[in-house]
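My notes follow the structure.

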Amino acid sequence: MISNELDIAPYRQRLAQNGRVQIPGFLQADAADRLADCLRREVPWTTAERGLPDSPPWTGDVARQRMPEAYRRAAAGFHFVYDRYLMVEAMREGRDPQLVLHAVLAFFNSPEYLGFIRELTGDSSLAMVGAQATRYLPGQFLRVHDDRHDDEARRYAYVLNLSRNWEVDWGGLLHFVDEDGGHREAMLPRFNSLSLFKVPAKHFVGVVAPWAQEPRLAITGWWHAPPAA
């Protein structure tokens, strides 16, 4: 599934130096195309808002009714609204067995892939990969946070970007924030790129613009060490 053309040496060095890196052309072309098509056409999305149960996707009148209240909550602190499909939970429950996403999750936790991410990061403790599919529609967002969750032993966060032809003024970039609250760097969700960063790191996903011509599609999650006893 990973591109045969990928030379990880420069990305390993950049990750070690900066704590984050974006790797272009991460998957083999046909694998990237198949996953993008699955996210666009096949995934049964729900909309997630922090602190509330997931609900059917917010589109049309539902979005117009609910987003203003979500923005008011966001003004008070950490908040998010985006669409998701929880791959680990779906696999455990036997839901949607036809989705290729289940094969992806199995591959992510195979000995071959775990060996690859240990080599890329230099972290031999990595033992598990979690995943969810995500979709950001116009107006959706994820406010600043750092992904810290000691009980889950998160070591690295990743975003496998599957949106085609994303333009920089469509929003939805992955932004990094310095310790003083200033803007440090942003990563465009380029098709078939892997955005990767060491946890904890302050970051956010910018609001997707109303004029964006595509949804922001990705598979996201964390690379975990074994949880503490």
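I took helices (H or I, at least four residues) and strands (E, at least two) as DSSP runs, numbered from the N terminus. The model is predicted: local features need pLDDT of at least 70, side-chain atom pairs count only at pLDDT 80 or more, and totals for chains, interfaces and linings use all residues. Residues are numbered from 1 along each chain as its sequence is written, and side-chain values use heavy atoms, without hydrogens and water.

Helix α6. I noted that Gly122 follows α6 and has a positive phi, near 75°. I then listed the buried residues of α6 (residues 111-121): Tyr113, Leu114, Phe116, Ile117, Leu120 and Thr121. They lie on the same side of α6 because they cover an arc of only 155° around the axis. The face turned away from that buried side carries the exposed Pro111 and Glu112. Buried is under 20% relative accessible area and exposed over 50% (1.4 Å probe, protein chains only); the arc is that of the directions from the helix axis to the C-beta atoms.

Largest pocket. I read a volume of about 950 Å³. It is lined by 38 residues, and Gln132, Glu152, Arg154, Gly221 and Trp222 are the closest to its centre. A pocket is an open set of points on a 1 Å grid over the protein atoms alone, where a 1.4 Å probe fits, with protein on both sides within 12 Å along at least five of seven lines; lining residues have an atom within 4 Å of a point. The volume is the space filled by probe spheres set on the points, which are joined across faces, edges and corners. I found that β12 gives the largest share of this lining, five residues.
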